[in-house]
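Here is a walk through one chain, written for someone who would rather look at the model than at a table. Keep the viewer open as you read.

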Amino acid sequence: MWPFTEPQNTATFASRHIFTGDVICHVYHSWEDGSWSFLPDRETQSEDGLIVCLHNIYERDPSIGDLADLPYGWKATRAGKDQPWERMKDHPYAEHSTHGYYLIEVANYPTVQPKPPSESARKDLAPGDLVKLFFRFSAEDSPFEDYDTERMWVSIQHVDEDEGRYQGVLDNDPQHEGAISCGDSLWFSPNHVFAIHG
């Protein structure tokens, strides 16, 4: 039985060395777009990269099926064939289990008012810009309840151009105390920006 929610013909990044005998030791599930990457335990150069169907990887090593539920923005590593996978977060964004809150993405609220800025505007921000993010102070998979979210302003301090994300500081005093305070630093992506000041 096919273990992944994605179709078998999903385009996937892989090292060519996997197809010449190397064991898959590193698996990445991209936070940005949910894409998969499968790499051996060696440095992978750009010329080593292939785009193949997810089924091609699974056919070569069915043990990757154990990672079908790996969340977006997580990675898994192992020491070698038949060794257990170790899962870990591979993004800097807050999670409720660790931080007491998480940031809601614009895509999860397509009818929110006022309408969020365009994708291009959200990707073209700079230090000093003030943006509004949607914070939720409940677990990601829990039912939404009244007053478990807050929209708050964050001042951008740094742009990570390589990863396309921002670091900022909270510019509000939240009503939910204990998880984050005015002046605290946090990372977020263009997908989290619901408004741009000015």
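## A patch of negative charge

E32, D33, D90, E161, D162 and E163 gather in a patch of negative charge on the surface. A patch here is built from residues with over 30% relative accessible area and no salt bridge, with like charges joined within 9 Å. Asp and Glu count as negative and Lys and Arg as positive, while His and the chain ends are not counted. Each charge is placed at NZ of Lys, CZ of Arg, CG of Asp or CD of Glu.

Is D90 buried or exposed, or partly exposed? D90 is partly exposed, because its relative accessible area is 37%; buried means under 20%, exposed over 50%, and partly exposed in between, using a 1.4 Å probe and protein chains only.

## What you are looking at

This is a predicted model, where local features need pLDDT of at least 70 and side-chain atom pairs count only at pLDDT 80 or more, although totals for chains, interfaces and linings use all residues. Residues are numbered from 1 along each chain as its sequence is written, and side-chain values use heavy atoms, with hydrogens and water left out.

The chain has three helices and 12 strands. The C-alpha atoms fill a box of roughly 55 × 35 × 30 Å along the principal axes. Of the 198 residues, 39% count as buried. The accessible surface of the chain is about 11200 Å², and carbon and sulfur atoms hold 46% of that; the areas come from the Shrake-Rupley method with a 1.4 Å probe, and for residues only the protein chains shown count as cover.

As for contacts (heavy atoms within 4.5 Å), take those between residues at least 6 apart in sequence: 59% join residues at least 24 apart.

## Salt bridges

Side chains of opposite charge can pair when their charged atoms come close. The rule used is a side-chain nitrogen of Lys or Arg within 4 Å of a carboxyl oxygen of Asp or Glu, and by that rule there are seven salt bridges.

Start with E119 and K123, whose side chains meet at 2.9 Å, N to O. E119 is partly exposed, since its relative accessible area is 44%, whereas K123 counts as exposed at 51%. Next, D148 pairs with R136, with the closest N and O atoms 3.1 Å apart. That pair links distant parts of the chain: R136 is in strand 8 (130-136), D148 is in the loop between strand 8 and strand 9 (149-160), and the two are 12 residues apart. Both D148 and R136 are buried. Then there is R165 with D160, where the closest N and O atoms are 3.4 Å apart. R165 is buried, with a relative accessible area of 17%, and D160 is buried too, at 14%.

## The loop between strands 8 and 9

P143 also lies in the loop between strand 8 and strand 9. It counts as exposed because its relative accessible area is 65%. Leaving out residues up to four places away in sequence, P143 touches R136 and D148, the two partners of the salt bridge described above. P143 and A11 are 132 residues apart in sequence and 33 Å apart in space, C-alpha to C-alpha.

Y147 is in that loop as well. Its phi is positive, at about 70 degrees, although Y147 is not a glycine. Y147 is exposed, with a relative accessible area of 72%.

D82 is another non-glycine residue with positive phi, near 65 degrees. You will find D82 in the loop between strand 5 (74-77) and strand 6, and it is exposed, with a relative accessible area of 69%. The peptide bond from Q113 to P114 is cis, with omega near -5 degrees. P114 belongs to the loop between strand 7 (102-103) and helix 3 (119-122).

Finally, which residues does S37 touch, not counting residues up to four places away in sequence? They are F13, H26, V27 and Y28. S37 itself is in strand 3 (residues 36-39), and it counts as buried because its relative accessibility is 18%.

How values were computed: Helix = DSSP H or I, 4+ residues; strand = E, 2+ residues; numbered from the N terminus. Patch = residues over 30% accessible without salt bridge, like charges linked within 9 Å, V, L, I, M, F, W, Y side chains within 5 Å.
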